[in-house]
Amino acid sequence: MVGLKKIPLFNLLGQTAEKPIVLWHGMGDSCCNPESMGRVKDLIQKSLPGTFVYSIQLGKTVEEDHEAGFFGVVNDQIDFVCDQLAGIPELAGGFNAIGFSQGGLFFRGYVERCNRPAVHKLITFGSPHGGVTDIPNCMSPSDLTCRLMRSMVRYGAYSGYVQHRVIQAQYFKNPKNLQGYLKHNIFLPDINNELEDTKNETYRENLSSLDAFVMIRFADDSMVKPGETAWFWTYTEDNELVPLENQSLYKEDWLGLRELGGRLKFLVSPGQHMQITDEFFETQIIWPYLAAAGYDVYTRKSGSNDSGNSKNDIISNSFNSISTSGSDTAATPRLIHQQKQK
């Protein structure tokens, strides 16, 4: 039976975006892949005609951009993006940011560290905000760059050599070696304001200034471990999975997340990591967060399947994962507290 399906009237009314939009892709992807970032851009511009959409590119070529998703120093890449976006006239009045997988984590780093031009709404899909306990496997066995990354991580994720060369090691958080993580990880402990000696007030001020921070996790995520890291959940040394609201990071408001209050959103996207349907992206992201005011008017019909399992996936990368040195979090974790979905 054919049921009602919501399609906003904005396509008929010439609806536009609230702000320009900037995309930051994830591992194994590139700025200009027509099947991923290119498709996202097309979907936004189809829904919101005339919208300026920019996709971040690290390096002079698409090949260099792909490689930068595996090798480099995240801190340097964020500095590069700060300079890159500051030179784009269309973004001078600020923009809304969408980060995919690790790109969402790095976009948060951009907001905390420079935020010029300013991000108004930050939207992250399956991003490892709380770190990962496993290093992702390669999307394609023929991806030599990814295979090299995996080989280097086996050398030791917290060694100086790997930390200053492998991107994924810089957000690896081994719950069995939290002291090693705090001492040797060159990116995530700082960006999460976890270092005991000092708390960066600028990070807190910048993140709490967002109009909205929307964090989406994938219901069946098996690539990013734990999948709840997309909501800042993290493991303890005793293999307990701690929700954000039970962490000192939130209770003491190291990053301004508590100050955000109702501007901090928790969403769930059906399916595996980075399997985002057009339906979900349109109804849960474009209309509520990217379109100009007045998005509550709908009228369309379609099939009765509203589960988000459309065959039209924006991105459908399949990943597995391998354990890194010292990680033994494969056992079923114990939940300290089940956070209510907001």
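1. Where does G69 sit? G69 is in the loop between α3 (62-68) and α4, with helices (H or I, at least four residues) and strands (E, at least two) taken as DSSP runs numbered from the N terminus. G69 is buried at a relative accessible area of 6%; buried here means under 20% relative accessible area, exposed over 50%, and partly exposed in between (1.4 Å probe, protein chains only). Setting aside neighbours within four places in sequence, G69 is in contact (heavy atoms within 4.5 Å) with M27, Q102, I167 and Q168. From G69 to L58 the C-alpha to C-alpha distance is 8.5 Å, and the two are 11 residues apart in sequence.

2. A word on what we're looking at. This is a predicted model, where local features need pLDDT of at least 70 and side-chain atom pairs count only at pLDDT 80 or more, while totals for chains, interfaces and linings use all residues. Residues are numbered from 1 along each chain as its sequence is written, and side-chain values use heavy atoms, with hydrogens and water left out.

3. On to the cores. A nonpolar core is a set of buried Ala, Val, Leu, Ile, Met, Phe, Trp, Tyr and Cys residues joined through side-chain atoms within 4.5 Å. The largest one has 63 residues, and those with the most contacts inside it are L85, F95, F107, Y110, M149, F213 and L257. Take L85: not counting residues up to four places away in sequence, L85 touches V22, Y54, I56, L91, F95, F107, Y110 and P117. There is also a second, separate core of 28 residues, with V40, I123, F281 and L290 among them.

4. Now the disulfides (a pair of cysteine sulfur atoms within 2.5 Å). The structure has 2 of them. I'd look at C31 and C32 first: their sulfur atoms are 2.4 Å apart, and the S-S torsion is about -85 degrees, so this disulfide is left-handed. C31 is buried, at 3% relative accessible area, whereas C32 is partly exposed at 45%.

5. The other disulfide joins C82 and C114, with the sulfur atoms 2.0 Å apart. C82 belongs to helix α4 (residues 74-86) and C114 to the loop between α5 (102-113) and β5 (119-125), so the link ties together parts that are 32 residues apart in sequence. This link is left-handed, with -85 degrees about the S-S bond. Both C82 and C114 are buried.

6. S55 leads back to C31. S55 is in strand β3 (residues 53-55) and is buried, with a relative accessible area of 18%. A polar atom of the S55 side chain lies 2.8 Å from the backbone oxygen of C31. Neighbours within four places in sequence aside, S55 is in contact with L23, C31 and M37.

7. In α6 (residues 144-153), the buried residues include C146, M149, R150, M152 and V153. They cover an arc of only 165 degrees around the axis, which puts them on the same side of α6; the arc is that of the directions from the helix axis to the C-beta atoms. As for α13 (residues 278-290), its 13 residues have end C-alpha atoms only 15 Å apart, short of the 18 Å that a straight helix would reach at 1.5 Å a residue (the expected span is 1.5 Å times one less than the number of residues). Helix α13 is mostly covered, with 12 of its 13 residues buried, including F281, W287 and L290.

Key:
A polar contact is a pair of N or O atoms within 3.5 Å; within protein, one must be able to donate a hydrogen and the other to accept it, and residues adjacent in sequence count only if both atoms are side-chain atoms.
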